[in-house]
Amino acid sequence: MTEVTDPALWWKQAVVYQVYPRSFKDSRGEGLGQIAGVTEKIDYLKDLGVDAIWLSPFYPSQLADGGYDVDDYRNVDPKLGTMDDFDELAKAAHARDIKVVVDIVPNHSSNLHEWFKAALAAEPGSPERDRYIFRDGKGPNGDQPPTNWENHFGGPAWTRVPDGQWYLHMFTKEQPDWNWNNREVRDDFLRTLRFWLDHGADGFRVDVAHGLAKDLDRDDLDDYVVWCTNDQPEDGSHPVIDRDEVHDIYHEWRKVFNEYNPPAFAVAEAWVRPSRQHLYASPDDLGQIFNFEFAKKDWIRDDMHLAIEEGLESAERSGSTATWVMSNHDVIRHATRYALPQVPTGEYHRLALDWLLRDGTTFEENRELGTKRARAAIMMEMALPGSAYVYQGEELGLFEVADIPWDELEDPSAWRTSRSASTKGRDGCRVPLPWVAADAPKLDDPDDEFGHEGSFGFSPAGATAEPHLPQPAWYKDFAVDVESADPDSMLNLYRRVLALRHDMQTTDLSVEWLPEDRPGKAHDGANGFPGGTIAYKRANGWASITNFGEEPVALPQGDVLLTSGPLTDDGRLPQDTSAWLKLAD
């Protein structure tokens, strides 16, 4: 696809803001964000300039995995509000031309879902059990799990029930996997899609979109793992990940989407090889897939350049548009990633996760540098054709909260395995947002990073319940009211970037690399990956240039529209800085 001209395809070049509802805004004073809190701050999102909001799961849940263990797919968790609250949010968003994207979780339910409770009460081989994946165990007494698989969070991927059978859970034991070969399961999810679309949703983010189709009737299962790795087969033959048959499911979903005017869309969370991303993003499938390559890269010119190339190539192959993602609720915030040392490709996540395990003390976090790079990165990203997904708090330049005390963590990846083998999990990017600096928690000890009796405006004044995750004292410098008053803040940069993006956006999706686009040098040990620029233009002459090198670079002829930081006295672009220009004809 070379152009997007149909307004019904709004999502193909949208800026979508991910709301993690439990940490966005508490409207009740209970220490937990609610749907009504999102409605309360809808004008903040309108002023930011986003086109859509994506709501992470808000369903009834026991929070074994941050809401991704769903008890009831067609309701709102009472702790987060009511269906009336959802309807009011959809109405308020649409009144401001903001679309609503709902997170749907089709790979697994909660173990408290009515159908799973019925499966446990039923006999082996019953229709109730067939909705999930139950198997007999190995060994003379069936007391060994059907395979040697470990789940995503550590520990066995099978749990035994009292009658001796085992059920599969690729994630926690509270998240049993659905059997998508079962017609009842398929039809029930079609009802769920229609339910939310009828309540004002405009589309869906599909959790673990690559995991639904499974083939357990084979004798080589122990040769595989059930989490995403870089060695997945390219032919769709993995027993549980990225199988070709998953697209039969999504072709049915597409028929439901097309019942609506305009047709709904969906974006796949599918950590698959770039060569297979297009299958999920095709027009008869979900329509779009997350390109996580930015979220996996360090601040290295050649790696970032490759991520752009692969994203554009995949979009062209699918007939859709690319998506650009630097942070979300599952990864270390990119301002922190850019503040850590540069490392060879393939080793970054080892370094970052080790840093997180050690409470952020293993390496120096250079926040000034991380902020400078994050400012450059948002401009490099936002001029690209396609959709950009912004994770709540990145517009404030928030860093990862690495030193949450172990006994206050919620994420299963932290507390389901031994501390020596575990990271502290994903809670560091899920800490409730700071809205008001003056409402800072009181510190019992000046050397303590976390206090009490205050929430930075996350909860209403006078609330006695503390936020569900502790907020660090340094949040005061990143509060919305502080940044709103500072013309040079990250928040005001995002506002300018998104406003200018809307003004400059062109329906032509082509990208041309400029002569100023230059590769970096090889890794030299002491200085990481020095040098290089990323420089491209859109069809209307809108150009973006990012300098990764130590030496300032000259800008091409044209009008400078915006920069992420000051230019040199002679008008050149310094290191770790981006510029947008309207090139001279």
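This is a predicted model: local features need pLDDT of at least 70, side-chain atom pairs count only at pLDDT 80 or more; totals for chains, interfaces and linings use all residues.
Residues are numbered from 1 along each chain as its sequence is written, and side-chain values use heavy atoms, with hydrogens and water left out. Local features need pLDDT of at least 70 and side-chain atom pairs count only at pLDDT 80 or more, while totals for chains, interfaces and linings use all residues.

**Exercise 1.** State which residues form domain 1 and domain 3, and how far apart their centres are.

Solution. Begin with the domain assignment, which is automatic or from a database. Domain 1 covers 3–109 + 183–485, and domain 3 covers 506–583. Next, take the centres over C-alpha atoms: 28 Å separate them.

**Exercise 2.** Describe the extent of the interface between domain 1 and domain 3.

Solution. First look at contacts (heavy atoms within 4.5 Å). Here 29 residues of domain 1 touch 32 residues of domain 3. Then take the buried area, the accessible area (1.4 Å probe) that two parts lose on being put together, summed over both. It is about 2,500 Å², with 66% from carbon and sulfur atoms. In domain 1, Arg-301, Met-379 and Ala-383 lose the most area to domain 3, together 28% of what that side buries.

**Exercise 3.** Count the salt bridges between domain 1 and domain 3, then find which helix gives the most residues to the domain 1 side.

Solution. A salt bridge needs a side-chain nitrogen of Lys or Arg within 4 Å of a carboxyl oxygen of Asp or Glu. The count between the two domains is two. Now turn to the helices (DSSP runs of H or I, at least four residues, numbered from the N terminus). α10 (301–318) and α13 (367–382) each give two or more residues to this side. α13 gives the most, with eight residues.
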